[in-house]
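For each label, set the value against the cut-off.

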Amino acid sequence: MTAAALLDTTLSPTVLAWSQGLASLSPGQPPCPGLKPEEWITTLTNARRFVDEFGPQADAFGWDTLTLFSVHPKSGAIRGDWCGVLIPCSYPVHEVTAERMRKHIWTVYKEQPVHHRGIPVWEFAR
């Protein structure tokens, strides 16, 4: 069985969509306004690491695509009140529970991070 086929059978549809969405983005080109090139490289690296290390766990705990990866549909990351908890993401995630996520010295709570729900950052790039 190929690695891609194995990946398809072991990941939930949600985690697979996160992985594919992030894989479609280039580290060399921010996908939307509001992300500086050097900031975007770090954000994309940390977001991909999050999905690899915590994706299945986060999905099982009910973290959803927009809570994690949302941006404003027209303004992108300029509108921080529409951004998911991983947009931008200067530090890697170290812990995920059903209620919260820890990044560096910050704790983000699932129930209050996004004021508005936009679109996944990879849809903005299309």
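The questions and answers below concern a predicted model.

Q: What makes up the chain, by helices and strands?
A: The chain has five helices and five strands. In sequence order the pattern is α-α-α-α-β-β-β-β-β-α. Of its 126 residues, 42% are buried. The accessible surface is about 6800 Å², and carbon and sulfur atoms hold 54% of that.

Q: Where does H3 bend, and by how much?
A: The bend is at Phe54 and amounts to about 75°. A proline, Pro56, follows within four residues. After the helix comes Gly62, with a positive phi near 90°.

Q: Which elements do the buried residues of H3 pack against?
A: They pack against helix H2 (13-23), helix H4 (65-69), strand E2 (93-96) and strand E3 (100-103). The buried residues of H3 include Trp40, Leu44, Ala47, Phe50, Val51 and Phe54.

Q: Why is Phe69 called buried?
A: Buried means under 20% relative accessible area. Phe69 has 0%, so Phe69 counts as buried. This residue is in helix H4. Leaving out residues up to four places away in sequence, Phe69 touches several residues, among them Ala47, Phe50 and Val51, which are also listed as buried residues of H3.

Q: What makes Ala98 partly exposed?
A: Partly exposed covers values between the buried limit of 20% and the exposed limit of 50%. Ala98 has 25%, so Ala98 is partly exposed. Ala98 sits in the loop between E2 and E3. Beyond its neighbours within four places in sequence, Ala98 contacts Phe61, Trp63 and Lys110.

Q: Why is the pair Arg49 and Glu53 called a salt bridge?
A: A salt bridge needs a side-chain nitrogen of Lys or Arg within 4 Å of a carboxyl oxygen of Asp or Glu. For Arg49 and Glu53 the N to O distance is 2.9 Å, so the pair meets the definition of a salt bridge. Both residues lie in helix H3, four residues apart, or about one turn. An α-helix has 3.6 residues a turn, so residues three or four places apart point the same way. Arg49 is partly exposed at 31%, and Glu53 is partly exposed at 45%.

Q: How do you know that Glu95 and Arg100 form a salt bridge?
A: Their N to O distance is 3.8 Å, and the limit is 4 Å, so the pair qualifies. The structure holds five salt bridges; one of them links Arg79 and Asp81, whose closest N and O atoms are 2.8 Å apart.

Q: What makes the phi of His104 worth noting?
A: Phi of His104 is near 55°, a positive value in a residue other than glycine. Most residues other than glycine have a negative phi, and most peptide bonds are trans. His104 is in the loop between E3 and strand E4 (106-109).

Q: Which residues are joined by a cis peptide bond?
A: Ile87 and Pro88 are joined by a cis bond, with omega about -15°. Pro88 is in the loop between E1 and E2.

Q: Which residues make the nonpolar surface patch?
A: Tyr91, Ile105 and Trp106 make this patch of about 350 Å². Patch residues must have over 30% relative accessible area; Tyr91 has 34%, so Tyr91 passes that cut-off. Tyr91 is in the loop between strand E1 (70-71) and E2.

How values were computed. Residues are numbered from 1 along each chain as its sequence is written. This is a predicted model: local features need pLDDT of at least 70, side-chain atom pairs count only at pLDDT 80 or more; totals for chains, interfaces and linings use all residues. Side-chain values use heavy atoms; hydrogens and water are left out. The bend at a residue is the angle between axes fitted to the seven residues ending there and the seven starting there. Helices (H or I, at least four residues) and strands (E, at least two) are DSSP runs, numbered from the N terminus. Buried means under 20% relative accessible area, exposed over 50%, partly exposed in between (1.4 Å probe, protein chains only). Contact means heavy atoms within 4.5 Å. Patches are made of residues with over 30% relative accessible area and no salt bridge: like charges are joined within 9 Å, nonpolar side chains (Val, Leu, Ile, Met, Phe, Trp, Tyr) within 5 Å. Accessible areas come from the Shrake-Rupley method with a 1.4 Å probe; for residues, only the protein chains shown count as cover.
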